[in-house]
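Trainee: Can you walk me through this one? I have the sequence and the model open.

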Amino acid sequence: MPPSQPLPAVTLLDIFWSLIDPLLFMAFSASYLPVTILSLIRTQQFRTFTSPSLFKDAWFARFWASVGPQTRENALPRAGPLIAQARGVVLDIGPGSGEWLKCFDKAKVRKVYGVEPNPDQHPLLRERISEAGLEGIYEIVPVGVEGLGEKWVRRGEVDAVVTIQCLCSVPEPRRMMGELYEYLNEGGTWIVYEHVVVFPWQGWFLKWWQATIDIIWPHFLGGCSITRDSGKWLKEAGSWQKVDLKQPADESFCHVIPHIMGVLTK
């Protein structure tokens, strides 16, 4: 469905840079390969070289430690006010190195469980917990959603689920969304800011271009996929009292990696 607000005006140059921006971002990620390899050798983490998944985790953690803060600043006007709505017991899915922790309102949250399975992210995540003043409130859960069970929190006892730019990289996203829905209590909220598959109104060429980029994108960006229809899948995850999702008003029609943002209430 086309956006209800007028789209920002764009030039041919704007379209060109929008189309190649994902390629430049992957090239920037690749530039962190040498320093990642040297760091692993220096710290004698030779086992990491025998596992493609472990190596990609280490590579992405180093890359994101550098670009994550700037990514946060760019998205802060959109995602920050959403995160500040979280209250009570919260599941923070895929916090990475913790760029968003300062957005939580300490007066509203009682306990936050940061579900982050990548151990390479944990040292910086712990630093960000301290910087945000969330010691004793924010707890790192070192597993994926599939391993959450009821060890940390029971199903039906969560007041808010927060997913900020993470649904793109979780395995089996539709199943995971259904599982997380079960953790929410009645009236609980799912706060979301995610990039998604190109919208139909953006046209076939952008859809094709996005799908083409996505063939190699996950290898450079920690398993992230840019073609997931997360907005649609979230709506189908369960029964919602209210769904308030929209595309940011300042995104142009030629944006190769468009977003959705908003809140769903169970």
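Sheet and strands

Mentor: Start at a strand pair: aspartate 244 stands opposite valine 263 in β7. This is a predicted model, in which local features need pLDDT of at least 70 and side-chain atom pairs count only at pLDDT 80 or more, while totals for chains, interfaces and linings use all residues. Residues are numbered from 1 along each chain as its sequence is written, and side-chain values use heavy atoms, with hydrogens and water left out.

Trainee: How many bridges join β6 to β7, and do they run parallel or antiparallel?

Mentor: Five bridges join them, and β6 and β7 (residues 259-265) run antiparallel. Strands here are DSSP runs of E with at least two residues, helices are runs of H or I with at least four residues, and both are numbered from the N terminus. Two strands pair if DSSP finds at least two bridges between them.

Trainee: What is the strand order in the sheet?

Mentor: The order is β3-β2-β1-β4-β5-β7-β6, in an open sheet of seven strands with mixed pairing. β3 (138-141) and β6 (242-246) stand at the edges with a single partner strand each, so one side of each is left without a neighbour in the sheet. On average, neighbouring strands of this sheet are turned by 15 degrees against each other, direction ignored. Axes are lines fitted to C-alpha atoms, for helices over the stretch in contact, and angles run from 0 to 180 degrees between N-to-C directions.

Trainee: Which strands does α5 touch?

Mentor: α5 packs on the sheet and touches β1, β4 and β5 (184-195). The direction of α5 makes about 145 degrees with that of β5. Contact means heavy atoms within 4.5 Å.

Trainee: Is β1 buried or exposed?

Mentor: Mostly covered: six of the six residues of β1 (residues 88-93) are buried. Buried means under 20% relative accessible area, exposed means over 50%, and partly exposed is in between, with a 1.4 Å probe and protein chains only.

Trainee: And which strands pair with β1?

Mentor: β2 (residues 109-115) runs parallel to β1 and is joined to it by six bridges. In that pair, valine 90 stands opposite valine 112. β4 (residues 158-164) also pairs with β1 in the parallel sense, over four bridges, and there aspartate 92 stands opposite valine 162.

Trainee: Switching to helices. At what angle do the axes of α2 and α3 cross?

Mentor: Roughly 115 degrees, and the axes of α2 (residues 33-42) and α3 (residues 52-83) come within 9 Å.

Trainee: Which residues meet there?

Mentor: Leu33, Val35, Thr36, Ile37, Ser39 and Leu40 in α2 meet Phe55, Ala58, Trp59 and Arg62 in α3. The residues of this contact divide into seven nonpolar, two polar and one charged. Ala, Val, Leu, Ile, Met, Phe, Trp, Tyr, Cys and Pro count as nonpolar, Asp, Glu, Lys and Arg as charged, and the others, Gly among them, as polar.

Trainee: What does serine 29 contact?

Mentor: Leaving aside neighbours within four places in sequence, serine 29 is in contact with Trp59, Phe63 and Phe220. Serine 29 lies in helix α1 and is buried, with a relative accessible area of 0%.

Trainee: Where is aspartate 57, and what does it touch?

Mentor: Aspartate 57 is in helix α3. Not counting residues up to four places away in sequence, aspartate 57 touches Asn118 and Asp120. Aspartate 57 is partly exposed, at 28% relative accessible area.

Trainee: Which residues of α6 are buried?

Mentor: In α6 (residues 204-213) they are Leu206, Trp209, Gln210 and Ile213. These cover an arc of only 100 degrees around the axis, which puts them on the same side of α6. The arc is that of the directions from the helix axis to the C-beta atoms. Among what covers them are α1 (12-30) and α7 (217-220).

Trainee: Last topic, backbone angles. What is phi of glutamine 44?

Mentor: Near 60 degrees, a positive value in a residue other than glycine. Glutamine 44 is in the loop between α2 and α3 and is exposed, with a relative accessible area of 61%. Phi of glutamine 165 is near 50 degrees, also positive in a residue other than glycine. Glutamine 165 sits in the loop between β4 and α5 (173-183) and is partly exposed, at 23%.
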